[in-house]
Each structure stands twice: as C-alpha cells, then as structure tokens.
Amino acid sequence: MLLVYGGGSIKRNGAYDDVTAALREAVNEVIELSGVTPNPRLDKVFEGVNLVREHGVNLILAVGGGSVIDCAKFISLGSGLGEDEDLWYDYVETGKPAPENLVPLGVVLTTAVTGSEMGGVAVLTNWARNRKLGYTSFPLTPKFSVLDPTYLLTLPAEQTTYGFVDMFCHTCEQYFSLPSDDNLSDEMAEAIQRHILRSWRACRRHPRSYEARSNAMWDSTFALNRVISRGKEEDWVTHGIEHALSAYFDISHGAGLAVVHPHWMKYVYTSRPEATARFARWAVNVWGVDSTGKSEREVAEEGIEHYVDFLRLVGAPLTLSEVGIPADPATLDKLADHAGDVGGSYRRITRDDARAILALCVTPVVF
Ligand code: NZQ
Ligand code: ZN
C-alpha cells in the first residue's frame, strides 16, 4: 500500500498514528510518500507513480486535505497509463476519460474544503508551465473515505476560513447558473449555503468543537459531490480565474477565490433578467435581506454586499494586493491568458472579460 500525505500535519492531529496502527494488522507492506504541497504538483505525482510501479502497490491511501487526495488521484491515474501516454498532455490538458481498473484509492480526510473525498475531480499544477488545471473522470473517485472531525481540531484559523470560502463558492458556482426552473437542486444549494454560514461562525467561535467541525465536513462534501449540480449548467468562471492566480503565485486556493468571487458576481448580476432575479432570491433566502419596497436589482446588490461584509469580518482577503499579487498590466495579461475563455452560464466570460474582472480586483466590491 502507498500512504500519501503532506508536510506533516497528520503527525500532529492523530491521523498518522491511527492509520498506521490500523494498517499494522491489515497490510503487509506500507510505502510512504510524504511532502505533497498545497496546490500539488506534477513532479510529486511522478514520484508516486514510480513508487507504485517499483513496489507493485495495489492500494493508495491519501491521508490529508484536498491537495493530498488530488495528488493521490493523479498517482492512481498515472500508474494506470501505458508507456506511450503522457499524464499531463493526454489527460489533464485534454480531459480524456481515465481508464477503468486503476489502482484503487482510499481517503482519510483532514480538511473540510474541496469535496474531493466524494468525487472524480482532481486539480493539478504543472509548475514548469505555470498551469493549474482541474480534471474530472469517474474512475478517480475514491473507493472509500473516512471523515473523522477530530482530525480538524488542529486546523489553523486561516486554513479554516479558506476552506469555508471554497465550499461556499462551490455551491454558488452550481446555483448561479441556468436554467432557473423550479428545482430541488437550488433549494438544497440554499440550505447548504445557510448551513455553511452557520458552521463557519461556529468554527470561528469554537474551533475545537466536534459538532462544528463535523458540520463543516458534511457541508463541504455536499457542496461538491454533484448532487446540487443536477439540472444545472454550472458556472466555474471564478475557479477558472483563481487557478490562474495560484498557478503563478502559489497562493491558497480559498484566498484567491475570496478576491475574485464577489467581483465575478458584480460583473454578471445584471447580465440578464434571470441573473438579477437569482441574485435577489439568494439575497433573501441566504442572507435574510428584506426585499420590501426594493427593486430586484437593489436586493441583489444588498446580498452581494452582505457576502463581502462577511468575508471582511472573517479576515478573508478582498484584493489582489492582499494576496501579494501586483495588478500591473503585464501581470493582469498573463493571468487573463491563463484563464482564457473561461465559459460561464448567465454570461460567457472571454479572456478579455477575465482580464476586466481581474482589473476590478484592485479594490473591494462597492456599489
Ligand atoms: O501539508 P500538511 O502538513 O498536511 O498541511 C496542510 C496544508 O499546509 C494543512 N492541513 C491539512 N489538514 C490539516 C492541516 N493543518 C492542520 N490540521 C489539519 N487537520 O493545510 C494546508 C492546506 O492543505 P490542502 O490539502 O492544500 O487544503 P485543501 O483541502 O484546501 O485543498 C486545496 C487543494 O484542492 C484543490 C485546490 O485548488 C488546492 O490545490 N481543489 C480541489 C478540488 C477537487 N478535487 O474537487 C476542488 C477545489 O475547487 C479545489 O480547486
Ligand atoms: Zn474550490
């Protein structure tokens, strides 16, 4: 078995001891791959693939957060490819589906963020090319995931904040998209968002509360296990732009999202009637805005303002300079080129739109 982990947090939160004690009985040889970094990189994946091949590994166990899980997913994929296939060019860049019968992956989760524990999505950085890309294929889905909230009790405040930003953003990127039919997905997305806000406050007040951390785990898994994307186009523009930020500046994913997400909202909320209506509904149902006597547009703006105020309250960055990214024209061009034509639902975001959104990120959103 290959045990994959990061920089050592699992040795401080009890997960390593629990896992190795359990494995002593069950597995005859455990190979370790440590040092997976946040924003996991291609070269670490190759290290893991070599270990799988060298030792005839038949189970990969990822113990850690989204970065460790995603790295392990790519190790599983990479070790299932033929000699003439290239993991990065043939799969990550093109999105070609993964083959079946990969080395199975299990997970012991230590963050509440990405939902990677319950899906086939994985994100990888090719540092040599400054490219950070998401890749989705069902065979990457873990065969099992263990979610024990006690491992989250050691999470630093900053990491906790970024985790909540990410999961909140995930729900938004499914919810703020066409069609606007009456459907259960959107009702569930609102419930998850309200609950995320509650768990967020609880984890801030009581970082060592089992109940609060347990709720955070449920929130993050359900934010991105694809249940609330049923019947929705989805719109991953904010993620597309953020990946450019972390590909060049290696910042925390959640920090980059906090900067970009409200600006994306302001950029699209009047792009079509369905968008304004949806943002107004969100303001009322998630932020408790009183719509009496106000136009849909005013209600929508109040909702976005509540979101920005909340991000400010929890200490999330709101501008590029707060995450150490200069907003000079050459940098904005480079970031926009990475983002490219990002897609979108209410409004298609081209490379130039992405640059315009990035240019707005020099100040917090105001109306
Ligand atoms: O490396 P160690 O020592 O383990 O420390 C980690 C790391 O420094 C630390 N940490 C993890 N669990 C801890 C802990 N510290 C104390 N106590 C614990 N219990 O936290 C730091 C960040 O870890 P990381 O795994 O990077 O965090 P997260 O779960 O936020 O994952 C982020 C990565 O997932 C990608 C992001 O882009 C980023 O690369 N994403 C993956 C997605 C997916 N697979 O579906 C979707 C997301 O949108 C996201 O893009
Ligand atoms: Zn994310």
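Modeller: A polar contact is a pair of N or O atoms within 3.5 Å; within protein, one must be able to donate a hydrogen and the other to accept it, and residues adjacent in sequence count only if both are side-chain atoms. This is a predicted model: local features need pLDDT of at least 70, side-chain atom pairs count only at pLDDT 80 or more, and totals for chains, interfaces and linings use all residues. Residues are numbered from 1 along each chain, chains are lettered from A and ligands numbered from 1 as written, and side-chain values use heavy atoms, without hydrogens and water.

Biologist: Which backbone lies 2.7 Å from an oxygen atom of ligand 1, with Gly7 as one case and what residue as another?

Modeller: Gly7 brings a backbone N or O atom to 2.7 Å from an oxygen of ligand 1. A polar backbone atom also sits 2.7 Å from a ligand 1 oxygen in Gly66.

Biologist: Which residue places a polar side-chain atom 2.9 Å from a nitrogen atom of ligand 1, and what percentage of ligand 1 does the protein bury?

Modeller: The side chain at 2.9 Å from the ligand nitrogen belongs to Asp70. Taken alone, ligand 1 exposes 960 Å² (Shrake-Rupley, 1.4 Å probe). Of that area, the protein buries 89%.

Biologist: How many residues surround ligand 1, and which strand supplies at least two of the shell?

Modeller: The shell (a heavy atom within 4 Å) holds 32 residues. Gly7, Ser9, Ser67, His170 and His239 are the closest. Helices H4 (66–79), H6 (157–175) and H9 (237–249) each give at least two shell residues. Elements are DSSP runs, helices H or I of at least four residues and strands E of at least two, numbered from the N terminus. The strand that does likewise is S5 (121–126).

Biologist: Where is the cis peptide bond, and which residue has a positive phi although it is not a glycine?

Modeller: Leu178 and Pro179 are joined in cis, with omega about -5°. Pro179 is in the loop between H6 and helix H7 (184–205). The loop between helix H8 (210–223) and H9 holds Arg226. Phi is about 75° at Arg226.
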